[in-house]
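Please read these notes with the sequence and the structure open. Each point can be checked on its own.

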Amino acid sequence: MPSDAPEDLPPRRKRLLFRAWHRGTREADLMIGRFVAERIAGFSEAELDELESVLELPDVDLADWLSGRRPIPAEHATPMLEHMARECGGLGAGVPPEARRSGGAA
């Protein structure tokens with residue numbers, strides 16, 4: 001997890017950041033955790049509500065949708081999830097930084 005001083009965040013944001021980094025699979029942790037860590041401090045209350053809903057979705061589905069392996073179903077296509085998919089869908093988004101630098105796989 002990045003060292004962006006999460007201890008300085010309000011409790012709700014800390015909880016969401018923790019949940020984003022502890023999804024269950026390393027790929028999802030890296031995609032979702034990194035996305036949330038970079039933006040959590042600036043999210044509005046409405047965006048936090050949306051993020052909370054996204055984090056309730058099954059890990060396998062989220063990883064597939066965010067990586068672009070499967071399209072996001074219409075019933076789950078919220079602005080937050082679509083924003084996450086745009087940011088996380090890039091090459092290497094779910095690969096640990098050390099593996100990306102060396103060109104290896106996780």
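This is a predicted model: local features need pLDDT of at least 70, side-chain atom pairs count only at pLDDT 80 or more; totals for chains, interfaces and linings use all residues.

The numbered points below go from the whole chain to single residues and pairs.

1. Confidence. The mean pLDDT of the chain is 85, and 78% of the residues reach 70 or more. Among the elements, helix H3 (residues 45–55) has the highest mean pLDDT, 97, while helix H6 (residues 97–102) has the lowest, 56.

2. Overall make-up. The chain holds six helices and zero strands. In sequence order the pattern reads α-α-α-α-α-α. Of the 106 residues, 38% count as buried. The chain exposes about 6000 Å², and carbon and sulfur atoms supply 55% of that area.

3. Contacts along the chain. How much of the contact list comes from residues 24 or more positions apart? Among contacts with a separation of 6 or more, such residues account for 56%.

4. The nonpolar core. The largest nonpolar core has 28 residues. Those with the most contacts inside this core are Ile32, Val36, Ile40, Leu51, Leu66 and Met84. At least two core residues come from each of helix H1 (11–21), helix H2 (26–39), H3, helix H4 (59–67) and helix H5 (79–88). H2 gives the largest share, seven residues.

5. Val36 and Ala20. Leaving aside residues up to four places away in sequence, Val36 touches Leu16, Leu17, Ala20 and Leu51. One of these, Ala20, lies in helix H1. Is Ala20 buried or exposed? Its relative accessible area is 0%, and because buried means under 20%, Ala20 counts as buried. Ala20 and Val36 are 16 residues apart in sequence, and their C-alpha atoms are 6.6 Å apart in space.

6. Helix H4. Which residues of H4 are buried? They are Asp59, Leu62, Ala63, Asp64, Trp65 and Leu66. The cover over the buried residues of H4 includes H2, H3 and H5. After H4 comes Gly68, which has a positive phi, near 85°.

7. Salt bridges in general. Side chains of opposite charge can pair when their charged atoms come close. The count for this model comes to 13 salt bridges.

8. Arg12 and Glu45. These two residues form a salt bridge, with the closest N and O atoms 2.7 Å apart. The pair links distant parts of the chain: Arg12 is in helix H1 and Glu45 is in helix H3, 33 residues apart. Arg12 has 22% relative accessibility and counts as partly exposed. Glu45 is also partly exposed, with a relative accessible area of 48%. Both residues belong to a network of salt bridges that links Arg12, Arg13, Arg15, Glu45, Asp49 and Glu52.

9. Asp59 and Arg23. A salt bridge joins Asp59 to Arg23, and the closest N and O atoms are 3.3 Å apart. Asp59 lies in helix H4 and Arg23 in the loop between H1 and H2, so the pair ties together parts that are 36 residues apart in sequence.

10. Arg39 and Glu87. The side chains of this pair also meet in a salt bridge, at 2.9 Å from N to O. Because Arg39 lies in helix H2 and Glu87 in helix H5, the pair ties together parts that are 48 residues apart in sequence. Glu87 is partly exposed, with a relative accessible area of 43%.

11. The aromatic pair. A pair of aromatic rings is described by the distance of the centres and the angle of the planes. The count comes to one aromatic pair. The rings of Phe35 and Phe43 have centres 6.3 Å apart and planes at 40°, so this pair is tilted. Phe35 and Phe43 are both buried.

How values were computed. Residues are numbered from 1 along each chain as its sequence is written. Side-chain values use heavy atoms; hydrogens and water are left out. pLDDT is the predictor's confidence in each residue, from 0 to 100. Helices (H or I, at least four residues) and strands (E, at least two) are DSSP runs, numbered from the N terminus. A nonpolar core is a set of buried Ala, Val, Leu, Ile, Met, Phe, Trp, Tyr and Cys residues joined through side-chain atoms within 4.5 Å. Buried means under 20% relative accessible area, exposed over 50%, partly exposed in between (1.4 Å probe, protein chains only). Contact means heavy atoms within 4.5 Å. A salt bridge is a side-chain nitrogen of Lys or Arg within 4 Å of a carboxyl oxygen of Asp or Glu. Rings of Phe, Tyr and Trp (its six-membered ring) pair if their centres lie within 6.5 Å; planes under 30 degrees apart count as stacked, over 60 as edge-to-face and the rest as tilted. Accessible areas come from the Shrake-Rupley method with a 1.4 Å probe; for residues, only the protein chains shown count as cover.
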